[in-house]
Amino acid sequence: MSVAEHDHETGLARDEDAQHDRALFLKRRRSRSIAIALALAGLVILFYVVTLVKLGPEVLNRPM
Amino acid sequence: MDFDQTMRQHDLHLTAGAAAVASSDRVVSSATVHDYWQLMKPRVMSLAIFTALVGIVAAPGTLHPVLALTAILCIAVGAGASGALNMWYDADIDAKMGRTRTRPVPRGRVAPGEALGFGVVLSAFSVLILGLMVSWPAAALLAFTIFFYAVVYTMWLKRLTPQNIVIGGAAGAFPPMIGWAAVTGTVSVESIVLFLIIFFWTPPHFWALALYKSEEFARAGIPMLPVVAGEETTRRQIWFYSWVMALTGLLPAGVGLGGPLYLLVSVVTGAAFLLLAWRVLRDTDLESARKLFAFSILYLLLLFAVLLAEPAVGIAAFAPLHGGWV
């Protein structure tokens, strides 16, 4: 194998590694984004339910 | 710098196992959700959840189930935030011990700055939400607990004195008191008793571990009792604190928290704890310390589980001995 062929193959392997790492990075970032979205959604639900609990059942029975 | 350039730079760091790449204009994390979960010390968090639940259930008065769940969630997140701040500050010594070197920061999965930011944000959220939605006295206690664990224990005592876990152990003892305050809005003798059980349980529990991990603590430069004062002193101290802990374990039956089942369990498990502590004192092998460490977890679990179970099965607690003077 010539030096040029060797360099070419090494370069290809490096590109494959880089692609693999990039895919891994994107996958991890996506899962972090989903976790943050779920946490925010959970907080919204929590605030809503706690508000109902604090106001009590009379909130549905108030004079309009 | 465009995205592709940033990504290429990031790829190099990913391959090397780095946590994050700092380019000239952005920082990109490569941590997984699991890494962040590990930052929160889930096992410590589960103990905080369990003991806080006991505090809520044992407290006189009622708390709406949604608010009780909110309180427990905030206490759990606050405990997790303390864990993240601890891992941020202790990354250097964590990397030197087998027990802790796979934590996300020393492993390079989460950058120290990320752990710090994560801990600070979670601390603020947990305290504010607990205060706004449940009780400000409970929120104040939670804020103090986080401060105590992150600053007093982690930053100050841990590397300074062999009494680090005796004083620092208070941080782990607060959750039932916070749960109690979430219901009653106050601190009373009963919640102090729950605090004291965990407070006096921590030294024999942690020193039993320190006995068979003393080389690691020495390598990391942490002045744990066996490293500084030797094994014999540590064994004597374990024996002393085991007695204090076993006697403190009886107190819930005297302050109106526990009934006959609690008294029975606390006497039997306390005696078993003392027997194992006696073996640690007498034997020079480390197997007895391993057994004491394992049993100490079961001991605490059983005491608090019975406090939770007695009202559930209709067993009434004894009348408080302190009557109306507190």
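The questions and answers below concern this predicted model.

Reader: How many helices and strands does chain A have, and what percentage of its residues count as buried?

Author: Chain A has 1 helix and 0 strands. A residue counts as buried when its relative accessible area is under 20%.

Reader: What share of the accessible surface of chain A belongs to carbon and sulfur atoms?

Author: The accessible surface of chain A comes to about 5400 Å². The part that belongs to carbon and sulfur atoms is 64%.

Reader: Which residues of helix 13 of chain B are buried, and what arc do they cover around the axis?

Author: The buried residues of helix 13 of chain B are B:T234, B:R235, B:I238, B:Y241, B:S242, B:M245, B:A246 and B:T248. They lie on the same side of helix 13 of chain B, because the arc that they cover around the axis is only 140 degrees.

Reader: Against which helices of chain B do the buried residues of helix 13 pack?

Author: Packing here rests on contact, that is, on heavy atoms within 4.5 Å. The partners of these buried residues in chain B are helix 8 (164-168), helix 10 (189-212), helix 12 (225-228), helix 14 and helix 15 (287-312).

Reader: Where do B:E231 and B:R235 lie, and how far apart are the N and O atoms of their salt bridge?

Author: B:E231 and B:R235 are both in helix 13 of chain B, and they are separated by about one helical turn because they are 4 residues apart. B:E231 is partly exposed at a relative accessible area of 32%, whereas B:R235 is buried at 5%. Their side chains meet in a salt bridge with an N to O distance of 3.0 Å.

Reader: Which helix of chain B gives the most residues to the nonpolar patch, and how many does it give?

Author: The nonpolar patch on the surface is formed by B:W243, B:L247, B:L250, B:L261, B:L263, B:L264, B:V267, B:V268 and B:F318, with about 760 Å² of accessible area together. Two elements of chain B each give two or more residues to this patch, namely helix 13 (231-248) and helix 14 (260-282). B:V268 is a residue of helix 14. The element that gives the most is helix 14 of chain B, with 5 residues.

Reader: What parts of chain B does the salt bridge of B:R109 and B:D35 tie together, and how far apart are they in sequence?

Author: The side chains of B:R109 and B:D35 meet in a salt bridge at 3.3 Å, N to O. B:R109 is in the loop between helix 5 (91-94) and helix 6 of chain B, and B:D35 is in helix 2 (residues 33-39), so the pair ties together parts that are 74 residues apart in sequence.

Reader: Are B:R109 and B:D35 buried or exposed, and what are their relative accessible areas?

Author: The cut-off for a buried residue is a relative accessible area under 20%. B:R109 is buried with a value of 17%. B:D35 also counts as buried, with a value of 3%.

Reader: With which residue does B:R103 form a salt bridge?

Author: Both residues of this pair are buried. The closest N and O atoms are 3.2 Å apart, and the partner of B:R103 is B:D94.

Reader: Which residues are linked in a network of salt bridges, and how many salt bridges does the structure hold?

Author: The network of salt bridges links B:D90, B:D92, B:K158 and B:R159. Over all chains, the number of salt bridges in the structure is 9.

Reader: Where is B:K41, and what is its phi angle?

Author: B:K41 is placed in the loop between helix 2 and helix 3 (42-58) of chain B. B:K41 is buried, with a relative accessible area of 12%. Its phi is positive, in a residue other than glycine, and is near 50 degrees.

Methods:
Residues are numbered from 1 along each chain as its sequence is written. Chains are lettered from A and ligands numbered from 1 in the order in which they are written. This is a predicted model: local features need pLDDT of at least 70, side-chain atom pairs count only at pLDDT 80 or more; totals for chains, interfaces and linings use all residues. Side-chain values use heavy atoms; hydrogens and water are left out. Patches are made of residues with over 30% relative accessible area and no salt bridge: like charges are joined within 9 Å, nonpolar side chains (Val, Leu, Ile, Met, Phe, Trp, Tyr) within 5 Å. Accessible areas come from the Shrake-Rupley method with a 1.4 Å probe; for residues, only the protein chains shown count as cover. A salt bridge is a side-chain nitrogen of Lys or Arg within 4 Å of a carboxyl oxygen of Asp or Glu. Buried means under 20% relative accessible area, exposed over 50%, partly exposed in between (1.4 Å probe, protein chains only). The arc is that of the directions from the helix axis to the C-beta atoms.
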